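Please open the model in your viewer and keep the selection panel at hand.

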Amino acid sequence: MVLPIENPVKSFWIEGAKSPLRDFRSTPELPKEALDVIIIGSGYAGATMAYWLNKFARDGETPSMLMLEARDVCGGATGRNGGQLRPHFYSRYPPWSERFGADGALKLIQHEVAHIPAFDKLFQDEGIAEKVCFKKGETFDAAMTQEAWDRLRGAYDMMQKDHGVDGDVIRECRLIEDPKEAEEFTQMKGCLAAVVHPTGQVWPYKFVHALLQIVLDTGNLNLQAHTPALTVSERDADGLITVTTPRGSVKAKTCRWTSHLLPEFTKLIHASRGTIAAIKAPEGFIKHTGAQHWDSVVNNYHLQLPPPFNSIILGGAKAVVIHKPETFVNNDQEDIQFEGVPEFYAGWPARDVIGWKGEDPAPFEGTVEEGGVWTGVMSSSIDAFPFVGPVPDKTGHYVASGFTGHGMPRILGSTAHIAPLVLSSLGVPFETPAAAAIFPPLPEPFHVTAERIKTLQQLEPKEKHKLAMEASLESAKKPFAKQPSLPLAMSALAISA
Ligand SMILES: Cc1cc2nc3c(=O)[nH]c(=O)nc-3n(C[C@H](O)[C@H](O)[C@H](O)COP(=O)(O)OP(=O)(O)OC[C@H]3O[C@@H](n4cnc5c(N)ncnc54)[C@H](O)[C@@H]3O)c2cc1C
């Protein structure tokens with residue numbers, strides 16, 4: 001994947017927001033003069049980078065910034081995701097502690113968890129919480145099988161054993177082991193047990209557009225939609241980096257990349273495709289955001305938007321897609337739907353949610369073609385951790401990429417780490433804003449060291465993709481995933497009949 005593909009299917013987040021910034025260009029031509037910073041990509045990483053650079057810089061010292069976006073503004077993963085600001089409170093503890101030890105795993109978790117108060121503070125300070133549909137609350141991991149419960153409960157127990165019942169994160173998690181109580185809390189039919197912990201949710205596209213508007217209003221950002229960066233040079237003798245685009249080239253002292261253009265990262269970051277739907281629902285129908293788990297591969301996740309929107313945003317559909325893993329592993333076909341998935345989503349509320357009475361013949365917000373169901377591409381890192389910081393041996397180049405389908409509770413803290421590094425390199429005095437001060441130091445596994453790059457370049461992506469496909473096909477043999485598309489398609493047809 002070098003550039004995002006053209007004509008992605010429509011997404012409710014983008015269509016529903018009706019933002020005036022969608023195709024925005026600050027100036028008809030690209031700037032002729034050299035800038036301080038060029039930011040490539042206007043998604044969550046690019047927008048928060050611009051926001052922090054403006055926020056950290058002392059008054060009047062904000063660097064001049066240019067943002068290049070290949071598509072419409074925020075037309076990539078952030079405009080097509082599940083909207084869940086849902087930290088891994090405990091569920092990844094076993095693999096992370098195995099790789100990084102008990103403390104290393106806890107630091108990764110604490111960094112994610114800090115995103116909820118940091119978002120809260122940022123939105124309060126900017127007065128945009130309501131505008132971007134930000135909500136805090138509780139979420140659950142619902143075990144739909146004993147296999148899933150053994151895994152979730154095992155992760156919880158392991159973390160509690162290592163860090164004590166009063167460990168600062170595990171204290172915020174609780175178990176519901178009685179199936180009746182679990183069904184009642186989660187509203188999920190057939191839920192055996194659940195783990196509950198704090199979470200957040202946001203309209204990701206509106207959040208990005210709101211931050212960009214704040215920076216645009218300062219006059220320090222030039223935003224250029226539909227302007228892909230084609231090449232990026234090393235720093236020249238004048239200390240400038242040249243970025244070429246089909247509309248001409250631009251120069252800057254520093255550059256924040258999307259990684260697809262960097263040869264070092266070609267083998268390290270690959271595409272994987274996901275899917276989401278926006279389902280019409282009565283106000284306040286879903287009490288808590290949550291995820292259903294059948295095994296470590298098959299899951300769904302959902303949230304409900306506050307009024308006046310009220311849509312349920314549902315993702316996953318793994319029970320359908322695992323039958324054809326080549327349609328999502330190392331796949332960037334954002335211009336097509338997954339076969340059988342719109343039908344699966346249409347049937348989900350009646351099939352899985354207790355008390356669902358909706359029999360709307362048109363269950364989505366708009367038709368499938370108008371953005372009711374969509375696909376999106378995640379940048380997956382070969383070691384499952386993002387690449388954040390200065391690019392080794394490339395002075396003035398920074399990267400924040402590879403958030404592996406889980407960027408919401410990782411990116412704000414990652415770009416808050418990079419902003420002071422960029423400002424220092426430009427000689428701009430800075431102060432840490434209150435929202436950024438909430439983050440603990442960037443977790444070690446996120447750092448972009450020459451050693452990490454070298455080690456990972458020795459891995460064979462094809463092998464990793466093969467393993468992921470084999471795991472999917474193994475799950476596809478299990479009873480809960482057997483030929484789901486036929487009965488599910490029929491249930492959707494029944495709804496629309
Ligand atoms: C279907 C789906 C569901 C997801 N659900 C969740 C979720 O619920 N919770 C969660 O935490 N995470 C989720 N994620 C992951 C999350 O959306 C990402 O981690 C996050 O949005 C990444 O932000 P980004 O800025 O790095 O990427 P993007 O938002 O993709 O931004 C990168 C931008 O760069 C542009 N670009 C690329 N190349 C160039 C170029 N050469 N020149 C100019 N512009 C370029 C792209 O068009 C894009 O707009 C999901 C992702 C998908 C696809």
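Helices (H or I, at least four residues) and strands (E, at least two) are DSSP runs, numbered from the N terminus. The model is predicted, so local features need pLDDT of at least 70 and side-chain atom pairs count only at pLDDT 80 or more, while totals for chains, interfaces and linings use all residues. Residues are numbered from 1 along each chain as its sequence is written, and side-chain values use heavy atoms, with hydrogens and water left out.

Begin by selecting helix H14 (residues 461–476), where lysine 466 and glutamate 470 are four residues apart and therefore separated by about one helical turn. Their side chains meet in a salt bridge at 3.8 Å, N to O, a salt bridge being a side-chain nitrogen of Lys or Arg within 4 Å of a carboxyl oxygen of Asp or Glu. Lysine 466 is partly exposed at a relative accessible area of 45%, and glutamate 470 is partly exposed at 41%; here buried means under 20% relative accessible area, exposed over 50%, and partly exposed in between (1.4 Å probe, protein chains only).

The structure holds 23 salt bridges.

Move on to arginine 86 and aspartate 141, whose closest N and O atoms are 3.0 Å apart in a salt bridge. This pair links distant parts of the chain, 55 residues apart, with arginine 86 in the loop between strand S3 (84–85) and helix H3 (93–113) and aspartate 141 in strand S4 (residues 135–143). Arginine 86 is buried, with a relative accessible area of 15%, and aspartate 141 is also buried, at 2%.

Now select glutamate 177 together with arginine 153, a salt bridge in which the closest N and O atoms lie 2.5 Å apart. Glutamate 177 sits in the loop between strand S5 (174–176) and helix H6 (179–186), and arginine 153 belongs to helix H5 (residues 146–163), so that the pair links distant parts of the chain, 24 residues apart. Glutamate 177 counts as partly exposed at 47% relative accessibility, and arginine 153 is partly exposed at 24%.

How many disulfides does the count come to? With a disulfide taken as a pair of cysteine sulfur atoms within 2.5 Å, the count comes to zero. Select cysteine 74, which is in no disulfide, the nearest cysteine sulfur being that of cysteine 133, 14 Å away. Cysteine 74 is buried at 1% relative accessible area, and cysteine 133 is buried at 4%.
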